[in-house]
Amino acid sequence: MTRHRFIQTSLDLHAQRSRVRIHVLGYCVLFLQCVLAIPAALAFEDRMPNILLMTADNLGYGDLRCYNASSRIISPYLDRLAAEGVRLTDFYTASPTCSVSRASLLTGRIPQRHGLIDQLAGIDGNYGTGLRQSETLIPQVLKRASSPYATGCFGKWNIGFAEGSRPTDRGFDEFVGHVSGNMDYYHHIYNGRHDLYQGTQELHADGSYSTDLFADAAIDFIQRHSKAGQSWFCYLPFNAPHFPNRKNKRPGQPDIWQAPAVAFEKYGWKADESDPRRRYEVVVTAMDDAIGRVLRSLDESGVSDNTFVFFMSDNGAFRLNRDGLDVGENTPLRSGGVTCWEGGLRVAAMARWPGRIPPGTVCSEVLWSCDLLATCAGLAQVELSETLQTDGHDMTAVLRGESRPVHRSLVFQYRTHAALRMEKWKIVREKATEPWQLFDLSSDIGETRDVSSANALTVQALDQEFRKWNDQKN
């Protein structure tokens, strides 16, 4: 018994000495790791932040649960993105239609200034010059950073594809996407023409779901450049959830919303579900899944904390009373795409930048898509040329809650529609021959009560502001 206790005590002492040696060794290893990590950490801090700019196509203001609690769309990754950063309630697109809104986003200029004022239509329009080739785009600005950014575009282009107008002609190192405003999600057809490219060459990936294809290309880009230690700008303009178009279908192919079976399963529905509204919801969920994978790639690449992420819809959901197509939800806004009512212009938007943008915050300041070029330039510490007349401002301080925006007013014009927002007031008209209607958006976000007759001086002041925009638009 005594010998047993002696042996046990000796074993205990040996174990204690071993633990001490292990702990000391562990502290030494930890110390060395910290010392060795210092240069890497400093290098990480010295690098300009990466920029991930994602857009949805015709997503409704009220489609996401983080904007509309009654929405039944399953979108956990976008809802989480909003919760991890700032959700914008008064963010506007500069135009209520795809081509024009994208041109304004990339140039930081209103349509009447950059010249692309209408939707590019048909093969000739989409494969033509489109946006003036003299315009400066975000990736071209980022190439002027002290350490030039790697730049990639993955998704819907829609601003011209003639020689000199392609993404790789306009500052993007890499491009995987389609030229047109919409295409078949699986067969990549636009108006009977194959419409999927890698660089300037046709890319044939028949059967690959476009949302996943673009996300995969973005993930590959992010992983490669993150591993190489180079700051990058990833522009990821999804074509989802754009409505289907019969012109883009093969003979006999149904003209329905398209999504992979796994997305239907999240709702407990079969892939042959016939209800258009349900099918639309699944398309949004499939896009959300893809966004989740892209965000996860930031974590896996170890660059989440050094990446500014911004998401927005290019314009509001269309509400043109087309059966089976106009099913997106802009609640509580009026009307939708291709109009200058709030439903066409005010869009879901959110930003995340860990350690810089406080999580779980809401920004109700008036901002718009023209701010993105100046914001990207600020992130990259690129001073914009005085000759580059833009209509946006760096909004990072606003997103961080550190200052108020400098926008006096925002102006909107599309075809015969026009509008101007200044502070809480907004004037709108559908034709130039009509008088302005006036709405107090602070109490009437749905634009239901025209108060112009009781506020004639306010209408006059906003009309003068509208005229100033037109006088200096060139």
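Helices α7 and α9 run roughly parallel to each other, a label given to angles under 35 degrees. This is a predicted model, in which local features need pLDDT of at least 70 and side-chain atom pairs count only at pLDDT 80 or more, while totals for chains, interfaces and linings use all residues. Residues are numbered from 1 along each chain as its sequence is written, and side-chain values use heavy atoms, without hydrogens and water.

Let's start with that helix pair. Helix α7 covers residues 210–227 and helix α9 residues 276–300; they pack at an angle of about 10°, their axes 9 Å apart. Helices here are DSSP runs of H or I with at least four residues, numbered from the N terminus; axes are lines fitted to C-alpha atoms over the stretch in contact, and angles run from 0 to 180 degrees between N-to-C directions. Contact means heavy atoms within 4.5 Å. On the α7 side the contact includes I219 and I222, and on the α9 side M287, V294 and L298 are among the partners. Its residues divide into 8 nonpolar, 3 polar and 4 charged.

Now for the pockets: each is an open set of points on a 1 Å grid where a 1.4 Å probe fits, with protein on both sides within 12 Å along at least five of seven lines, and lining residues have an atom within 4 Å of a point. Of its 21 lining residues, Q119, L120, N182, F243 and N245 lie nearest the centre.

The second largest pocket has a volume of about 250 Å³. Its lining includes R404, H407, R408 and R421, and divides into 4 nonpolar, 2 polar and 5 charged residues.

Terms used: Helix = DSSP H or I, 4+ residues; strand = E, 2+ residues; numbered from the N terminus. Parallel < 35°, antiparallel > 145°, perpendicular 65-115°, else oblique. Nonpolar A, V, L, I, M, F, W, Y, C, P; charged D, E, K, R; others polar. Points joined across faces, edges and corners; volume = space filled by probe spheres on them.
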